[in-house]
Amino acid sequence: MRLAFLHSSLFRSRRPSHRIALRLPLRMSSSYDGPWTARKVREEFFNYFRSKNHTFVPSSSTVPYDDPTLLFANAGMNQYKSIFLGTVDPNSERGKLKRAFNSQKCIRAGGKHNDLEDVGKDSYHHTFFEMLGNWSFGDYFKKEAIEFSWDLLTNVYGLPKDRLYVTYYAGDPQNGIPTDEEAKKHWLSQGISPDHVIASKGNFWEMGATGPCGPCSEIHFDRIGGRNAAHLVDGDDPNVLEIWNNVFIQFNRDDDGSLKPLPSKHVDTGMGFERLVSVLQNKLSNYDTDVFSPIFTRIQELTGARPYSGKFGNDDVDGIDTAYRIVADHVRTLSFALSDGGVPNNVGRGYVLRRILRRGSRYVRKKLGAPIGSFFSSLMPVVVETMGDVFPELTKKQGDIKEILDEEEESFSRTLDRGEKLFDQYATRTKDLGAKELNGADVWRLYDTYGFPVDLTRLMAEELGLGINEEEFEDAQEHSKLASKGSFKKDKADLVKLDVHDLAALEKNDAIPKTDDSFKFQLGNITATVKGIYYHKEFVPSSSGIPADANFGVLLDRTSFYAEAGGQEYDTGNIVIDGATDFEVTNVQAYNGYVLHTGSLKYGQLSVGDEVISSYDELRRWPLRSNHTATHILNFCLREVLGDHIDQKGSLVAPTKLRFDFSHKAQISLPELAKIESMSIDWIKKNVKVYGKDLVLTTAHRISGLRAVFGEAYPDPVRVVVLGYDVDEVAKDIDNPKWRSTSVEFCGGTHVAKTGDIKDFVITEESGIAKGIRRIVAVTGQEAHEAFRIANSLKVRLEQLESTEGKEKDTGLKALSVELGQADISVLLKAELKDRLATVRKALDKQIKEKENAINKAAVNALVTFFEEKPDSEVYFAILEVDGNAKILQNVVMQGKKLGKTVYVFSVDTEGGKVAHANYVSESARSRGLDARTWASKVSDILGGKAGGKEDGAQGVGVNVTQVEEALRVAQ
């Protein structure tokens with residue numbers, strides 16, 4: 001039985017192999033001027049299902065924030081999983097859906113479903129593709145779904161019926177799954193020739209090891225025609241391809257593997273858009289259609305490369321056609337992923353996006369001969385032009401996409417040339433040594449220093465007939481991690497600081513002015529000049545005499561970096577001379593107006609007078625801004641809920657959380673916390689502007705409702721941050737009591753432009769840290785979403801445990817209790833879940849005790865009854881059904897002791913894989929030479945494990961659970 005997942009294997013392993021794909025007849029790419037443009041193909045699909053009373057549901061995001069099991073959305077049904085699983089709220093909009101259709105944006109890159117390294121090599125692999133789909137949720141079933149599919153393909157799209165073949169599930173007698181005769185009957189009723197209706201053993205879809213599942217029915221198309229191609233269906237022939245899959249979700253697979261009919265049956269279909277277009281346009285390659293031809297045209301305009309000619313493998317001698325396909329595919333993936341909130345970085349899906357961009361950039365530079373830095377942002381508009389009407393998020397986010405693409409591409413452009421030169425040196429050395437693999441340590445350096453993803457280096461090596469030494473690579477990676485941990489400790493110990501003597505010298509040195517750090521309130525990089533280099537308690541003219549990897553300080557005439565202050569952590573980033581020097585900034589501190597950037601050189605040198613780019617890490621700065629503004633909102637809401645006595649006693653603004661300490665004598669109750677959190681979220685939803693401006697200190701102190709830290713020495717002028725009102729407006733009417741209705745604070749930190757940028761707010765901790773001092777920890781944005789996701793998953797697990805029984809429930813509740821205690825989730829949700837878990841735990845403990853008492857009573861009574869019925873018997877043997885409960889065995893043994901009878905009892909703990917056993921030897925039996933320890937030892941020879949005790953009684957635990965009957969025989 002084939003285990004498919006969410007249509008992501010719609011085109012399955014039966015896709016033609018690279019070897020076969022390379023034998024495709026070559027067709028030149030050309031603009032399409034026939035009746036079935038890509039746009040019309042999609043429109044007709046939409047129109048058809050609208051006419052069949054289906055609701056259009058926009059594609060879900062390619063970034064599945066609510067599904068941690070996926071890196072990217074890879075199938076149309078992902079957003080309907082709650083319906084199929086029966087967990088959807090029936091009163092919600094989603095819960096009321098009966099019929100739906102759309103074109104789902106899908107990405108197959110990274111994780112289980114990864115086509116990244118295959119893209120460009122053949123005619124059909126893509127990292128981004130569209131999946132046309134229609135769904136029925138407990139409405140129509142096989143008959144209508146089959147009629148819709150056949151009608152659309154033959155009567156609307158006009159595909160020749162004699163070139164279409166359909167499959168139905170052949171059944172699996174061994175697993176008790178019948179042949180799908182119903183689907184077969186409905187296909188035949190469409191007038192299809194019986195030899196075009198084919199049984200297939202692979203046509204069974206499952207969401208996972210358990211849960212909803214059912215047979216599927218595929219539609220295949222023969223590109224050639226004029227023949228019977230039935231024997232080629234489900235094969236590797238690239239000219240007989242699957243175009244549509246209808247999944248009939250009619251069963252639920254239980255934990256024991258059995259199938260039970262679902263009370264509500266569903267239909268889930270998926271048709272690859274790019275593949276369908278190639279069929280309707282009579283093209284042998286998806287890349288020869290007008291899905292891609294506009295992108296190819298723009299690539300040629302931007303690069304001046306020769307036109308795309310549709311060559312593959314060895315026929316693509318110069319590699320330019322491969323580059324066309326890779327770049328066209330990758331710009332689509334990046335455009336859609338970034339429009340859905342994806343951001344290239346070094347973790348998870350972010351790293352996949354970074355790999356895609358860098359892989360594409362290298363092909364642009366190496367094969368297409370064009371400069372990089374803003375290439376993909378120049379190519380991206382053609383994707384927006386051709387697809388923005390169907391996916392409006394592309395148009396809305398075009399500016400954001402451009403900004404991120406340029407930032408990432410420009411960053412890589414700085415190291416690509418140098419990295420390639422180094423790669424060439426490594427490759428030449430490898431060949432000179434007669435080796436076949438690049439040294440793994442060299443491959444790691446290309447990644448760590450020059451930003452080359454490992455798969456990109458692997459690709460470059462393959463072009464030269466080389467591999468990479470994976471084991472050496474893993475060792476180098478692990479060594480780097482360990483070194484990084486040591487460096488972190490060193491950074492903490494060797495933090496570069498300016499002392500009072502240094503500051504006195506600086507004040508007298510006109511060549512090193514105080515730093516203009518006003519640019520920290522703006523976005524983006526700035527140019528600056530190196531004014532001072534500080535190492536080992538002295539200022540030096542250049543870094544040339546500073547040891548490699550040593551920490552030192554850099555003073556600039558102006559900076560975009562934020563120096564740690566007011567509870568907000570410092571920025572990190574780079575001070576760069578493009579192509580020459582990269583100084584990694586790991587700490588930023590301000591000393592009496594001089595902003596010192598501490599870090600070390602990754603490569604190159606710095607000298608006083610150098611013009612550099614001050615480039616803070618924008619991805620790190622964003623959450624810092626959000627958390628700082630959220631701290632102001634929290635401070636305001638605390639005063640509103642708890643009273644005017646609230647005074648700030650400390651704060652921390654970090655990228656992952658905010659922490660706020662304040663005066664308050666009592667623990668904050670859950671209702672109060674709920675009100676504070678709700679009020680804070682309301683401020684975010686209001687999406688008011690955040691204003692900041694310097695005012696004269698004496699004037700600013702008079703603002704009604706001002707929040708300032710008692711005892712803090714503020715500069716004059718002081719920066720005032722106000723939510724919702726322009727600072728100039730406040731300054732004109734200082735005493736107006738309406739300023740009391742908003743947050744007004746003295747603050748030199750960085751903030752969001754609008755409160756809505758914070759996205760969300762969750763309080764994760766409330767505690768006392770000293771007498772009269774309380775602390776609140778909270779998270780915002782993605783961290784808040786993650787807290788909600790974790791809380792929801794814990795809630796679902798508790799709900800699932802409530803329906804279980806016995807040991808499974810007991811073990812599950814214990815594990816959940818520990819996990820819940822450690823989880824960084826909403827304080828309110830945690831309290832709610834703890835109360836609910838305690839109720840379930842109490843009920844289970846009562847049930848366990850009652851059950852144990854009943855079983856114990858029955859076991860003891862069985863012994864008493866035995867001797868009442870057989871008073872002359874001297875010994876009692878039994879295998880008790882008490883799940884290996886040693887306590888009950890001892891109670892039975894004690895009852896035998898009271899009666900003066902000899903006893904040997906056993907019980908199997910199947911789940912634990914153990915056998916408990918216990919005995920008692922009566923005085924009369926001992927007088928005849930029977931020793932309880934010897935008796936138990938003989939049993940242990942059979943059961944394994946250990947046993948021990950005294951002459952009159954012994955007990956043990958064995959491990960051979962299947963030998964308990966034999967052990968009983970030996971005991972007897």
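Helices (H or I, at least four residues) and strands (E, at least two) are DSSP runs, numbered from the N terminus. The legends below use these labels, and the model they describe is predicted.

**View A. The whole chain.** The secondary structure of this chain comes to 27 helices and 31 strands. Its C-alpha trace spans about 115 × 90 × 70 Å along the principal axes. The chain has 972 residues, and buried residues make up 53% of them.

**View B. The loop around K759.** K759 lies in the loop between β24 (744-746) and β25 (761-770). The phi angle of K759 is near 75°, a positive value in a residue other than glycine. Most residues other than glycine have a negative phi. With a relative accessibility of 56%, K759 counts as exposed, because the cut-off for exposed is over 50%.

**View C. The loop around H536.** H536 is another residue other than glycine with a positive phi, here near 50°. The loop that holds H536 runs between β12 (526-535) and β13 (538-540). H536 has a relative accessible area of 63% and is therefore exposed.

View D. The peptide bond from D716 to P717 is cis, and its omega is near 5°. Most peptide bonds are trans. P717 is found in the loop between β22 (706-707) and β23 (718-723).

**View E. The aromatic pair of F49 and F148.** A pair of aromatic rings is described by the distance of the centres and the angle of the planes. The count of aromatic pairs in this model comes to 39. F49 and F148 form one that is edge-to-face, with 6.0 Å centre to centre and 90° between the planes. F49 lies in helix α2 (residues 38-51) and F148 in helix α4 (residues 142-156), so the pair ties together parts that are 99 residues apart in sequence. Both F49 and F148 are buried.

**View F. The aromatic pair of F141 and F248.** The ring centres of F141 and F248 are 5.8 Å apart and the planes stand at 65°, so this pair is edge-to-face. F141 lies in the loop between β3 (128-137) and α4, while F248 lies in strand β8, so the pair ties together parts that are 107 residues apart in sequence. F141 counts as buried at 13% relative accessibility, and F248 counts as buried at 0%.

**View G. A cluster of rings.** Ring pairs link F45, Y48, F49, Y140, F148 and W244 into a cluster.

**View H. Salt bridges around D316.** A search of the whole structure finds 46 salt bridges. One of them joins D316 to R306, with the closest N and O atoms 3.5 Å apart. D316 and R306 both lie in the loop between α7 (293-303) and α8 (320-339), so the pair ties together parts that are 10 residues apart in sequence. D316 counts as buried at 5% relative accessibility, whereas R306 is partly exposed at 26%. A network of salt bridges links R306, D316, D318 and D321.

**View I. The salt bridge of K520 and D517.** K520 forms a salt bridge with D517, and the closest N and O atoms are 3.1 Å apart. K520 has a relative accessible area of 11% and is buried. D517 has a relative accessible area of 24% and is partly exposed.

**View J. The salt bridge of R841 and D810.** The side chains of R841 and D810 meet in a salt bridge, 2.5 Å from N to O. The pair links distant parts of the chain: R841 is in helix α23 (residues 827-869) and D810 is in helix α22 (residues 806-822), 31 residues apart. R841 counts as buried at 17% relative accessibility, and D810 counts as buried at 18%, because the cut-off for buried is under 20%.

**View K. A109 and I356.** A109 and I356 are 247 residues apart in sequence, but 8.7 Å apart in space, C-alpha to C-alpha. A109 is found in the loop between β2 (99-107) and β3. At 1% relative accessibility, A109 counts as buried.

**View L. A patch of negative charge.** D255, D256, E808, E881, D883 and E911 gather in a patch of negative charge on the surface. Among them, D256 lies in the loop between β8 (240-253) and β9 (259-272). D256 counts as exposed, with 63% relative accessibility.

How values were computed
Residues numbered from 1 in each chain as written. Predicted model: local features only at pLDDT ≥ 70, side-chain atom pairs only at ≥ 80, totals over all residues. Heavy atoms only, no water. Patch = residues over 30% accessible without salt bridge, like charges linked within 9 Å, V, L, I, M, F, W, Y side chains within 5 Å. Areas by Shrake-Rupley, 256 points an atom, 1.4 Å probe, with all protein chains shown as cover. Salt bridge = Lys/Arg side-chain N within 4 Å of Asp/Glu carboxyl O. Lys, Arg positive; Asp, Glu negative; His and termini not counted. Charge placed at Lys NZ, Arg CZ, Asp CG, Glu CD. Buried < 20%, exposed > 50% of the residue type's maximum accessible area, 1.4 Å probe, protein only. Phe/Tyr/Trp six-rings, centres within 6.5 Å; stacked < 30°, edge-to-face > 60°.
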